[in-house]
Amino acid sequence: MKLTFLGTGTSQGVPIIGCRCRVCTSADRRDRRLRTSAMIECGEVRLVIDAGPDFRYQMLRTGVRHIDAILLTHEHKDHIGGLDDVRAFNFVDFPVIHRIDLYGTEHVLACVRKDFDYAFAADKYRGVPEIELRTIVLGKPFRVKGVEVVPVSGHHSERFEVTGFRIGKLAYLTDFKTIADEEVEKLRGVEVLVVNALRFEPHYSHFNVAEALELIRRVAPCEAYLTHMSHEIGLYAETEPALPPGVHLAYDMLEVTINEDR
């Protein structure tokens with residue numbers, strides 16, 4: 001199984017428009033972060049987690065011509081704003097049309113249906129995204145072309161729920177602020193854990209670095225990667241070496257191979 005970080009930045013991305021801080025003006029490509037998203041390849045099955053405003057460019061960077069499904073963590077625009085661009089995958093082999101399965105909780109899919117209502121109209125115009133909505137039931141694993149996906153529930157804040165995903169020995173969480181003990185148990189035995197860490201200072205709706213490291217300590221994966229980071233995380237070249245052993249700052253287009261036989 002291969003994980004590719006398509007984007008590792010927070011809702012504004014890095015650099016932030018108009019900012020002239022050391023991180024936003026850095027020449028190191030590892031400090032340039034598109035909105036958070038990831039691609040997971042399990043044999044011939046290719047899954048994308050979230051499709052924010054940078055989805056088109058992220059897909060262009062990978063060079064892929066097909067995806068099998070998109071898994072949505074929650075409804076915020078930095079995670080669903082690019083869904084219109086699934087059209088490219090729908091019609092890449094036209095006249096054959098490849099519909100894209102979109103997995104999310106009932107609430108998230110309701111937001112998608114509202115925001116992209118033209119894709120679900122009774123009388124659709126030609127060229128709209130061809131999307132099939134698939135409801136995630138929290139607590140129930142589901143399969144995408146034989147690949148088992150285990151939803152992991154948490155809260156982005158008191159107002160917003162968020163869903164992470166475990167696929168084999170990989171777990172991917174973003175935009176978490178709290179996670180219940182029973183949900184942590186679903187992460188036991190993972191080889192690779194990806195978790196959000198917005199910055200070092202506390203934040204009301206995201207893990208900071210200390211909170212992310214505490215979850216990593218509890219789960220004890222072989223390797224852990226921080227994602228959904230703001231410019232306040234600091235320069236990659238300075239922050240990465242200061243992290244505990246086995247914990248890394250993710251960066252855009254980083255590829256990680258997970259050995260399922262271990």
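Which residues touch the most other members of the largest nonpolar core? The legends below refer to a predicted model.

**View 1. The largest nonpolar core.** This core has 55 residues. Those that touch the most other members are Leu3, Leu71, Ile167, Ile179, Leu187, Leu215 and Leu226. Helix H6 gives the most to the core, with 5 residues. In soluble globular proteins, nonpolar side chains tend to be buried together.

**View 2. Surroundings of Ile179.** Leaving aside residues up to four places away in sequence, Ile179 touches Val152, Ser153, Leu173, Val184, Leu187, Phe207 and Leu215. Two of these, Leu187 and Leu215, are also named with Ile179 among the residues that touch the most other core members.

**View 3. The open sheet.** The sheet is built from 7 strands with mixed pairing, in the order E7-E8-E9-E10-E11-E12-E13. Strands E7 (142-144) and E13 (247-249) each have a single partner strand, so one side of each is left without a neighbour in the sheet. From one strand to the next, the twist averages 25 degrees.

**View 4. Strands E12 and E13, with helix H6.** Strand E12 (residues 223-227) runs parallel to E13, and 3 bridges join the two. Ala224 has Val247 of E13 as its bridge partner. Helix H6 (residues 209-219) packs on the sheet, where it touches E11 (192-196), E12 and E13. The direction of H6 makes about 160 degrees with that of E11.

Note on methods: Residues numbered from 1 in each chain as written. Predicted model: local features only at pLDDT ≥ 70, side-chain atom pairs only at ≥ 80, totals over all residues. Heavy atoms only, no water. Pairing = 2+ DSSP bridges. Helix = DSSP H or I, 4+ residues; strand = E, 2+ residues; numbered from the N terminus. Axes fitted to C-alpha atoms, helices over the stretch in contact; angles between N-to-C directions. Contact = heavy atoms within 4.5 Å. Core = buried A, V, L, I, M, F, W, Y, C linked by side-chain atoms within 4.5 Å. Buried < 20%, exposed > 50% of the residue type's maximum accessible area, 1.4 Å probe, protein only.
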